[in-house]
Amino acid sequence: MHLGTRVRAVALAAAGVLLMACGTGTSTSSNLAPSDKQVLNVNDGTEPNSYDPTQQTYTYEAGVGREVFETLLKPNAAGTDVQPAAASSFDVSSDGITYTFHLRSNAKWSDGKPVKASDWVYGYKHLLNPALAAGYVDPFFDGTILGADGYGSVDVSSASAIDTFLSGLGLSAPDDNTFVIKLQHPAAYFKWVVTLWVAEPIRQDIVEQAAGGSFPSSDTTKPEMWAQSANTIIGNGPYKISEIVSKDHVTLVPNPNYWGGAPHLQKITEWFIEDANTAYAKYQTGDLDAITVPLANVDVVRGDPVLSKQAKVYPKLTTFWMTFNAQRPPFDNPDVRMAFAKSIDRDALNKQVQHGIQQSILSFIPKGMAGYDTSNDAQKFDPAAAKALLQKAGVTADQLNKFTLLTRNTTRNKTLNQFIVQQWNTNLGLNMQLEVIDSKTVTANIRKGNFSIYGPDGWGADYPDQQDWFDIFFKASCHSLNWGCVDLPGYDDLVKKADGELDQNQRNADYKKAQDQLINSAAVAFIFQDYEYNLIKPYVGGLTITAGDDQSLPGNFFWHDAYITAH
Amino acid sequence: MAVIAGRPNRGALLPRRLAAVTDSRVGSLAVYVIRRVLWMIPIVFFVIVITFVLMHSAQGSPWDKAGGRQLSQVVVDNLNKKYGLDKPVFFQFLLYIWNVLHFDFGLSYQYQGKSVVQLIAEGWPYTATIGTLAFALIVPLGIGLGVLAALRQNTRVDYATMGFATFAASFPNFVIGSLMIVLFSVLMYHWTQGAFFLPAGGWGVDSHLIMPAITLALLPIAYTARLTRASTLETLRQDYIRTAWAKGLTERLVVIRHVLKNSLIPVVTTLGPTFAFLITGSVIVETVFSIPGIGRAFVVAVTSRDYPMILGTTVLFSVVIAVANLVVDILYVFIDPRVRLT
């Protein structure tokens, strides 16, 4: 137990990170390309729906937000702990309630003004204003920041009700360089919550200037006007936006006032190319420096003497699974669910459908973060045992054949599910069918519990802490991602205990129990962990690739250290 | 979005007593145009009604995500309040109509803080540029090839032209687009060591336009060529054409002065809606070539249930199609002297 008077939590120095840094080429920083060639072209896929970081929910949005704004802390390259970012250090009180962040005194906004603690308070309140309905606000009101648990009951049409709520939050700025957050109760994972891209400082004067003056807290359009133009998107991150060409690209140039000094890359262009094949072509013609290889071209890349050398495969902190509706017999019977879980040959699925990129998984927590544990193989492929389980449950093929596998109408989901349903039909002697429908309709149906089996669905870590994962299967999350709504006796209490636990070993032990419960009761059938198969030009150096990188943006947590070598 | 090709129902729309002041041809044309423009108001209204009903009867909410954790209920409730979706649907409809009357098409749900008008203003120039360029290819090539094939009926020229037309019409444009990218971007880049190749997508008013414009134009060229050929063949068999030949006129004169004027009427009829289609965008061409136009924006709006954006783009498309049909009707007057707009 870390029960000193105060726990100095941030210990890792930047040196540790530099050791992890891996240039993809053989060149070192001694033969850098001239500064006008220090340009990185990457594909972000889709334009952010908002340039206000507090409003961003998808990885393609965070992929821009993370460069323009900087959070208090950020995950280290190995994903084992947090490291300093906008805060040079932080203290946690011995009761685990008060987090004091020491801001860098030399931190400046991209327009040169100093970043003050009051900007952080304003940014957090902007995020927690219920009228603005930020999509990723849950980790901040759900059992963390003091006073924020009333988030859902605020009357959003009343400015005074909102003001009362916001002023009651445990956020304060005792001086310009100290930002204090008080929690409702201890939450060992809170250091990770502040690494989320939505938790940024925001400049009140800029927001109000763009809105044409101050506005009541219940206003929903004026507070977003500043985020509409590159001129008013003033951030504290290593880069600033110099140009937005809507749905085409966004150009980032160094923030000259960034505390961490000037980066090598003088320009980063994030393109919004939705078609992976087009991006693949643009990589080959030199217009893009890094891409995700489209699945259909994986074998081409492997066979190509040049491209195969530029390929990089690395794990993502994302697990996929198949969901059974445990509210609908016979899937309320764990034996039936386990029979389905044990009759998917995951290795064959990976090999035949996914070109061997993804990794089969029989457990919940993915490789690359604490909690990854392969010891429990209860869901292992075993058709004979699966059939026996069905017999034990007394369920016949005729009963099961009337159910369908509900599938979203994307190519990837269709091909995966064709294989999976075929596995069930072959290994369990069934004749089940796929039901492929429009994605939004699928969500509407699973929300109502109107399905038998649905998948693949999954989760990608917001931050590499297990708390971010296990609350998915809370009873109260039945209509969020725990669609099957499996009855897990004692699970909620066990996980909540682990979430608040300050002793990391005890936490891990509790989470391990919870994971075993998920696996053994076949709450879902875990099938694979997502891997990223990328091509990166050999002249891109200094990349620190982590499992938390945003899709198609390799190394984007540490682009400040990346460079282009002479080529 | 259905396009009804063909001539609109004329007459019977104008009160008899007004007909007196519309004696002159120009006067009658002006009244006709005004009347047709006014007719667009109820048309757009019904387009809105139908779209509104269809849109709200499609399952799923704008806030649903395609997999992963869904937004928590309190956030969804607040979003509904923010965008007025907590009110009864009929009230939402009346509010929308009221706002449209003030030229306010609302804010997009997907792109926060951006108005529908702004999104359309951003995307339409791209789409319209490529569409217009494609149209500039379609008219001379489609008509030219069709006339050529008809004049040289059952010769190698005819077979080659119609063979090309069948080929172009039977390949879906995502196949053509992808093949062109492989050929003119990737392989060309390899063969010329990067010295010459066409960009594989993205926007730029230069070589970026070549492949998308051709991809977009191929099918309409094929269609127009076949139609022109059929219609020209029919005209060539008319008595007055035989007379023209008999008078000893040159082929050029016969074709331009006598054949084309008559054979082009059905072609012009289809070119109007074709043009409307082209400048409102093709989701496939815009996706394959990564063009930030409104064809893609419309489809994204539908799949993400961005109601104001769906309505805004649908209204735009209906107006563009109505205008294109009106222009076609006016063109008839100049092509065929027998046509009277009343």
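This is a predicted model: local features need pLDDT of at least 70, side-chain atom pairs count only at pLDDT 80 or more; totals for chains, interfaces and linings use all residues.
**View 1. B:Gly106 sits in the loop between helix 4 (89-101) and helix 5 of chain B.** With 19 other C-beta atoms within 10 Å, B:Gly106 is partly exposed, because a residue is called buried at 20 or more. Beyond its neighbours within four places in sequence, B:Gly106 is in contact with B:Asn99, B:Val116 and B:Pro308. Look also for B:Gly312: its C-alpha atom is 8.5 Å from that of B:Gly106, although 206 residues separate the two along the chain.

**View 2. B:Asn154 has a positive phi without being a glycine.** The angle is about 60°, and you will find B:Asn154 in the loop between helix 5 and helix 6 (156-170) of chain B. B:Asn154 counts as exposed because it has 8 C-beta neighbours inside 10 Å.

**View 3. A:Cys485 is a residue with positive phi that is not a glycine.** Here phi is about 55°. A:Cys485 belongs to the loop between helix 17 (467-470) and helix 18 (491-500) of chain A. Its 20 other C-beta atoms within 10 Å make A:Cys485 buried.

**View 4. Chain A has a cis peptide bond from A:Pro329 to A:Pro330 and another from A:Gly455 to A:Pro456.** For the bond from A:Pro329 to A:Pro330, omega is near 5°; A:Pro330 is in the loop between strand 13 (311-324) and helix 11 (334-341) of chain A. For the bond from A:Gly455 to A:Pro456, omega is near -15°, and A:Pro456 is part of strand 17 (residues 453-460) of chain A.

**View 5. Chain B meets chain A through 43 residues of chain B and 44 residues of chain A.** On the chain B side, the elements that give two or more residues are helix 3 (73-82), helix 5 (116-151), helix 7 (173-191) and helix 11 (283-288). Helix 3 of chain B gives the largest share, six residues. By class, this side of chain B holds 17 nonpolar, 19 polar and seven charged residues.

**View 6. Chain B has 13 helices and zero strands.** Its C-alpha trace spans about 85 × 75 × 30 Å along the principal axes. Of the 342 residues in chain B, 37% are buried. Among contacts in chain B between residues at least 6 apart in sequence, 73% link residues at least 24 apart.

Conventions
Residues are numbered from 1 along each chain as its sequence is written. Chains are lettered from A and ligands numbered from 1 in the order in which they are written. Two residues are in contact if their C-beta atoms, placed from the backbone, lie within 7 Å. Helices (H or I, at least four residues) and strands (E, at least two) are DSSP runs, numbered from the N terminus. Ala, Val, Leu, Ile, Met, Phe, Trp, Tyr, Cys and Pro count as nonpolar, Asp, Glu, Lys and Arg as charged, and the others, Gly among them, as polar. A residue is buried if 20 or more other C-beta atoms lie within 10 Å of its own, exposed if 12 or fewer, and partly exposed in between; C-beta atoms are placed from the backbone.
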